[in-house]
Amino acid sequence: MSQGEVLNVALRSAMSDARLTPRKLAVHIGVTPKTVERWLADAELVPHARNRIDACRALKVDEQMIWPKAVQDRVKSGHDRELVHAYPYRSACPSTVWGALIDGAAEQIYLAGYTNYFLWLEQPAFVETLRRKTEAGCRVRILLGDPDGEVTRRREEVEDVALSVSTRIRITLEHLARLRTAEGVEARFSSSEDAVNHVSLSVFRFDQEVLVTPHLARLVGHDSPLLHLRREGDAGMFDRFAEHADELWSRAVPVPA
């Protein structure tokens, strides 16, 4: 790999999920295995449109997941370029997207969902992943709702599902207990005055990218929409959501040991 090149982690993850080696993917597309290896070695390298389409068809993923720059350059300008992708449901966002963002984060991971429960299910060995991140110098913050709070109780009445909000929070707390000895991991409950704002909007930050879920009416998180944003400048959509999440953190209270 040349100096300055960054691995295309999303492409590697998609190939792993599809059980395709560079040679097998190359056969699907009609290029050489060396060409696929070049794509893997350099995230800034954007293949020709026809090759991108054939690759995404073989991998069963969206183009913006693997080569978002190609999509952005085609249709966006200014702060509009911050929108990488919009999903009508959070569950429609592939787990490989979450995995690639977690793997790629070097400075900070901030999980400001109200329960953060689904991450422990969808991301393999997530506790150990976060531990490795902190050992490499990445700051990890986790903001949760208070499982005994009034807003949590009211939300449980609204959702009316067997796996209650407070139960999902407590499952997250059980996982976090395994990270107590990891330096660089911080966990807080949102303050009582901020709980309504927290439960209605989940923000998950990975360095300069963020996944945002505005929670709709009675819907649980996986049934609400999700926006994937990448920071392109000051005072854009990324900054607005990041500042909101940081404000909640500033008034939050530490999770009891």
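Student: Where does helix 11 lie?
Tutor: Helix 11 (residues 165-177) lies across strand 3 (139-144) and strand 4 (185-189). It runs at about 155° to strand 3. Axes are lines fitted to C-alpha atoms, for helices over the stretch in contact, with angles from 0 to 180 degrees between N-to-C directions. Contact means heavy atoms within 4.5 Å. Helices (H or I, at least four residues) and strands (E, at least two) are DSSP runs, numbered from the N terminus.

Student: What kind of model is this?
Tutor: A predicted one: local features need pLDDT of at least 70, side-chain atom pairs count only at pLDDT 80 or more, and totals for chains, interfaces and linings use all residues. Residues are numbered from 1 along each chain as its sequence is written, and side-chain values use heavy atoms, leaving out hydrogens and water.

Student: What is the strand order in the sheet?
Tutor: 1-7-6-5-2-3-4-8, in an open sheet of 8 strands with mixed pairing. Two strands pair if DSSP finds at least two bridges between them. Strand 1 (83-87) and strand 8 (253-254) are the edges, each pairing on one side only.

Student: Which strands does helix 7 touch?
Tutor: Helix 7 (residues 95-104) packs on the sheet against strand 1, strand 2 (108-112), strand 5, strand 6 and strand 7 (226-230). Its direction makes about 50° with that of strand 5.

Student: Parallel or antiparallel for strands 5 and 6?
Tutor: Antiparallel, over 6 bridges, between residues 201-206 and 209-214. V203 stands opposite V212.

Student: New topic. Which residues lie nearest the centre of the largest pocket?
Tutor: A43, P68, L101, E209 and R230, out of 32 lining residues. A pocket is an open set of points on a 1 Å grid over the protein atoms alone, where a 1.4 Å probe fits, with protein on both sides within 12 Å along at least five of seven lines; lining residues have an atom within 4 Å of a point.

Student: What supplies the largest share of that lining?
Tutor: Helix 7, with 5 residues.

Student: How many salt bridges?
Tutor: There are 17, each a side-chain nitrogen of Lys or Arg within 4 Å of a carboxyl oxygen of Asp or Glu. In one of them, E63 and R52 have their closest N and O atoms 2.5 Å apart.
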